[in-house]
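Me: I would like to go through some terms used for this structure and see what each one rests on. Please keep it plain.

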Amino acid sequence: MSFGAADHRHMARALQLAQRGLYTTDPNPRVGCVIVKDGRVVGEGFHRRAGELHAEPLALAAAGDAARGATVYVTLEPCCHHGRTPPCTDALLAAGVARVVSAMEDPNPRVAGQGHALLREAGVQVETGLLKEESRALNPGFAQRMESGRPYVRCKLAASLDGRTAMASGESQWITSDAARRDVQLLRARSSAVVTGVNTVVADDPSLNVRLPPAEVPGVDAPDLLRQPVRVILDSRLRMSPEAKMLRLPGATWVLCSQAHAERRRVLEATGARVAELPGREGRLDLQAVFRFLGEEQINEVLLEAGPTLGGAVLSERLIDELVIYIAPHLMGDESRGLFRLPGLQRMCERIPLAVTDVRRVGSDFRVTAKLAC
């Protein structure tokens with residue numbers, strides 16, 4: 001399908017609008033919409049928060065009568081089912097639009113091409129695929145959860161130039177600069193959940209919350225829009241203390257176990273934590289079951305902030321979709337702890353290949369983003 005320069009320009013603008021919902025729409029996808037009539041933009045909108053209007057009706061409201069006979073550029077196929085809001089296909093048809101250009105088909109089985117089909121049946125010209133990869137990159141967790149049942153997992157690590165994450169004593173504060181730690185706060189803010197292991201909780205008593213003021217998170221123009229990710233603790237034998245700092249903070253804490261000791265469970269649930277028992281394997285939680293469970297709970301994007309043992313286990317299961325490694329310009333020595341515990345790798349052919357997708361400076365550090373190459 002051939003698209004012109006104007007089509008690309010308007011879809012790029014729709015993607016810019018969708019980006020405004022990066023930190024606020026969860027568990028819904030980030031979607032933007034631009035309406036064009038006679039070469040002029042007559043309406044724009046983006047989805048801001050689940051339960052509020054979608055991008056298309058907001059853009060239609062801005063366009064008013066000018067929407068009749070117009071072209072609509074939207075970053076995701078318009079929905080055709082009743083959820084918290086009415087179907088967007090109904091609104092588009094009522095407005096009398098002539099053409100709809102979608103970046104990608106909605107992977108949600110409740111839509112999955114049906115929205116496009118309804119519009120075509122009603123005589124609307126429908127074209128799709130324009131800037132599809134850019135649209136998917138904006139919603140990696142939503143797309144993956146709909147297609148595979150599990151969330152998109154980013155593993156965040158901070159390391160020295162020689163690949164060390166903590167001194168032999170366990171001391172690790174602070175490896176990276178203030179700028180890098182602020183960048184991590186933005187990663188947390190866009191995530192549905194932050195996952196760690198109970199050993200990290202016992203050793204560090206972390207908060208795992210977003211500590212930026214709302215005004216410093218792009219698109220969060222009201223305090224109630226700052227959404228705290230769910231804190232998920234993998235704790236097979238329920239060793240987590242009911243005095244853990246995170247249990248006294250705003251937001252939800254889930255403790256996932258494979259051996260639910262009744263009294264420990266009662267004590268943790270009394271603090272407001274949710275305790276869920278999942279399948280185990282060799283005395284540990286079955287990681288495949290963990291991430292399936294998170295997908296079922298509408299968790300789109302996971303930020304894994306864990307030590308080398310849990311991080312290595314998740315990596316070995318091929319459950320990490322993206323690595324985000326902050327590298328600080330100092331050396332910590334060969335007795336310090338490494339990035340991952342990956343026992344059994346003996347030969348060069350057993351290496352885990354990565355594809356680096358981005359390298360950029362953050363303060364005095366470098367942020368390297370990579371994906372598994374196979």
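**Pocket and cores**

Reply: In this predicted model, the second largest pocket has a volume of about 730 Å³.

Me: What makes a residue part of the lining of the second largest pocket, and which residues lie nearest its centre?

Reply: A lining residue has an atom within 4 Å of a pocket point. By that rule the second largest pocket is lined by 26 residues. Ala137, Arg154, Arg190, Glu322 and Thr369 lie nearest the centre. Elements giving two or more residues to this lining include α1 (5-19), α7 (178-190) and β18 (365-372). The largest share, five residues, comes from α5.

Me: How many residues of this lining are nonpolar, polar or charged?

Reply: Eleven are nonpolar, four polar and eleven charged. Arg and Glu count as charged, so Arg154, Arg190 and Glu322 of the lining fall in that class.

Me: Why is a set of residues called a nonpolar core?

Reply: The name applies because its members are buried residues of nonpolar types, joined through side-chain atoms within 4.5 Å. The largest such core has 30 residues. Val232, Leu234, Leu256, Leu294, Leu304 and Ile320 have the most contacts inside it. Among the elements that supply at least two residues each are β9 (230-234), β10 (253-257) and β14 (301-304). α10 gives the largest share of this core, five residues.

Me: Which residues does Ile320 touch?

Reply: Leaving out residues up to four places away in sequence, Ile320 touches Val153, Cys155, Leu304, Gly311, Val314, Leu315, Phe340 and Leu372. A second, separate core has 25 residues, including Met11, Ala103, Leu130 and Leu186.

Definitions and conventions: Residues are numbered from 1 along each chain as its sequence is written. This is a predicted model: local features need pLDDT of at least 70, side-chain atom pairs count only at pLDDT 80 or more; totals for chains, interfaces and linings use all residues. Side-chain values use heavy atoms; hydrogens and water are left out. On a 1 Å grid over the protein atoms alone, a cavity is a set of points where a 1.4 Å probe fits but cannot get out, and a pocket is an open set with protein on both sides within 12 Å along at least five of seven lines; lining residues have an atom within 4 Å of a point. Grid points are joined across faces, edges and corners, and a volume is the space filled by probe spheres set on the points. Helices (H or I, at least four residues) and strands (E, at least two) are DSSP runs, numbered from the N terminus. Buried means under 20% relative accessible area, exposed over 50%, partly exposed in between (1.4 Å probe, protein chains only). Contact means heavy atoms within 4.5 Å.
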